[in-house]
Amino acid sequence: MTHGIDTDFLVAVEILEHPFHPQAYALLRGLLANGHDFAVAPQTLAEFIHVVTDAKRMPRPLTMPDAVARAEHSWQAAEVRRVFPDGQCVTDFLGW
């Protein structure tokens with residue numbers, strides 16, 4: 001089964017100090033162990049980089065190179081299916 005990854009989940013998985021890190025990491029490992037894969041959109045990675053490098057949001061923000069490396073790892077993972085919004089998707093979003 002393919003599971004969509006959102007920014008909140010990715011931040012929780014990657015940031016050890018996040019209050020939900022243990023649960024998010026365990027869920028990720030369990031899904032991987034059971035053969036599941038994940039869908040990630042590029043805007044999720046952009047949001048991830050923005051959040052984890054922001055000193056107002058993170059007690060220990062990542063450096064830009066570290067954040068980009070983690071995002072790149074997520075994008076390149078064999079278990080990740082890359083998904084892209086089309087024009088209608090953006091139109092629908094703006095309408096909502």
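Which helices do the buried residues of helix 1 pack against? They pack against helix 2, helix 3 and helix 4. The views below start from the whole fold and then turn to that packing.

**View 1. The whole predicted model.** This is a predicted model: local features need pLDDT of at least 70, side-chain atom pairs count only at pLDDT 80 or more, and totals for chains, interfaces and linings use all residues. Residues are numbered from 1 along each chain as its sequence is written, and side-chain values use heavy atoms, with hydrogens and water left out. The protein has five helices and three strands. Helices (H or I, at least four residues) and strands (E, at least two) are DSSP runs, numbered from the N terminus. Their order from the N terminus is β-α-α-β-α-α-β-α. The C-alpha trace spans about 40 × 35 × 25 Å along its principal axes. Of the 96 residues, 33% count as buried. Buried means under 20% relative accessible area, exposed over 50%, and partly exposed in between (1.4 Å probe, protein chains only).

**View 2. The largest nonpolar core.** A nonpolar core is a set of buried Ala, Val, Leu, Ile, Met, Phe, Trp, Tyr and Cys residues joined through side-chain atoms within 4.5 Å. The largest one here has 24 residues. Val11, Phe48 and Val52 have the most contacts inside it. At least two core residues come from each of helix 1 (7–14), helix 2 (21–33), strand 2 (37–40), helix 3 (42–52) and helix 4 (64–76). In soluble globular proteins, nonpolar side chains tend to be buried together.

**View 3. Around Phe48.** Contact means heavy atoms within 4.5 Å. Leaving aside residues up to four places away in sequence, Phe48 touches Thr7, Leu10, Val11, Glu14, Ala67, Arg70 and Ala71.

**View 4. Helix 1 against helix 2.** Helix 1 is mostly covered, with six of its eight residues buried. These are Thr7, Phe9, Leu10, Val11, Ala12 and Val13. Helix 1 and helix 2 pack at an angle of about 100°, with their axes 7 Å apart. Helix 1 is therefore roughly perpendicular to helix 2, a label for angles of 65 to 115 degrees. Axes are lines fitted to C-alpha atoms, for helices over the stretch in contact, and angles run from 0 to 180 degrees between N-to-C directions. Phe9, Ala12, Val13 and Glu14 in helix 1 meet His21, Ala24, Tyr25, Leu27 and Leu28 in helix 2.

**View 5. Glu14 and Arg70.** The whole structure has three salt bridges. A salt bridge is a side-chain nitrogen of Lys or Arg within 4 Å of a carboxyl oxygen of Asp or Glu. Glu14 and Arg70 form one, at 3.5 Å from N to O. Glu14 is in helix 1 and Arg70 in helix 4, 56 residues apart, so the pair links distant parts of the chain. Arg70 is partly exposed, with a relative accessible area of 28%.

**View 6. Glu17 and Arg60.** In this salt bridge the closest N and O atoms are 2.1 Å apart. Glu17 lies in the loop between helix 1 and helix 2, and Arg60 in the loop between helix 3 and helix 4, so the pair ties together parts that are 43 residues apart in sequence. Glu17 is partly exposed at 39% relative accessible area, whereas Arg60 is exposed at 58%.

**View 7. Asp54 and Arg57.** The side chains of Asp54 and Arg57 meet in a salt bridge of 3.3 Å, N to O. Asp54 is buried, with a relative accessible area of 19%. Arg57 counts as partly exposed at 48%.

Terms used: Parallel < 35°, antiparallel > 145°, perpendicular 65-115°, else oblique.
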